[in-house]
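Have a look at the model first.

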Amino acid sequence: MLADDLTAMFLTAQAAFTERVHAVTPDQWQLDTPDAQWTVADLVGHLVDEHRWAAPLLTGLDMDAARAVVAGLGPAGDGAALVRAWDRAAATSAEAFRADGALTGPVAITRGSVPAAEYLEEMVLDLIVHAWDLGVATGYPEPLPAGAVAAIYPLAQAIVDRTPAGMFDAPVDVGADAPVIDRLVALTGRRPRPA
């Protein structure tokens, strides 16, 4: 996939997650999500953390140096503060991935040095799956962007396969005729909502 197309897909997926974050009501932050280990607040905090890492990693910092940068940003907070933390983290990661040459070099992530484009693919899948989680948890009615879902789906199996063991539950069988979003989230061990 071309770098510009991958970046556009990232921005679309990020916007979909942002819409869902801004729709969370004060009484929904402690709701459970399809990811059994997280509440809505935990899930959004996870994405804040993930996106805070993008800029230091893409500028060539190693894991330890990037961790120090992220730690220096302090806790994400909760409620309205968590929404603001997400908006800042999303803007910073979007700027980092759009920067000239951002996808040309290697990036140091948990499993080692990988091509920056591979890191971006993983970020897109993470955004789409967690936007789905957030939408299910809060009853957000709008569908995810079909183009981004369709574009990341062919890459999703390879992304899941290269992810360290334990990051995803075992895939759920939904059948080849299921909607693409259902097949996508099923790859990550989530059971799609009944139609």
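What follows covers the ground rules, the fold and then the pocket.

## Ground rules

This is a predicted model, with local features needing pLDDT of at least 70, side-chain atom pairs counting only at pLDDT 80 or more, and totals for chains, interfaces and linings using all residues. Numbering runs from 1 along each chain as its sequence is written, and side-chain values use heavy atoms, with hydrogens and water left out.

## Fold and packing

Going along the sequence, you get α-α-α-α-β-β-α-α-α, that is, 7 helices and 2 strands (DSSP runs numbered from the N terminus: H or I of at least four residues for helices, E of at least two for strands). The radius of gyration, taken over C-alpha atoms, is 16 Å, close to the 16 Å from the globule rule for 195 residues, so the chain is as compact as a globular protein of that length. That rule is 2.2 Å times the number of residues to the power 0.38.

Buried residues (under 20% relative accessible area, 1.4 Å probe, protein chains only) make up 47% of the 195.

## The largest pocket

A pocket here is an open set of points on a 1 Å grid over the protein atoms alone, where a 1.4 Å probe fits, with protein on both sides within 12 Å along at least five of seven lines; lining residues have an atom within 4 Å of a point. The largest pocket is lined by 31 residues, with His46, Glu50, Asp126, Thr163 and Met167 nearest its centre.

Helix α5 gives the largest share of that lining, 7 residues. Both α2 (40-58) and α5 (116-138) supply at least two residues each.

Notes
Buried < 20%, exposed > 50% of the residue type's maximum accessible area, 1.4 Å probe, protein only.
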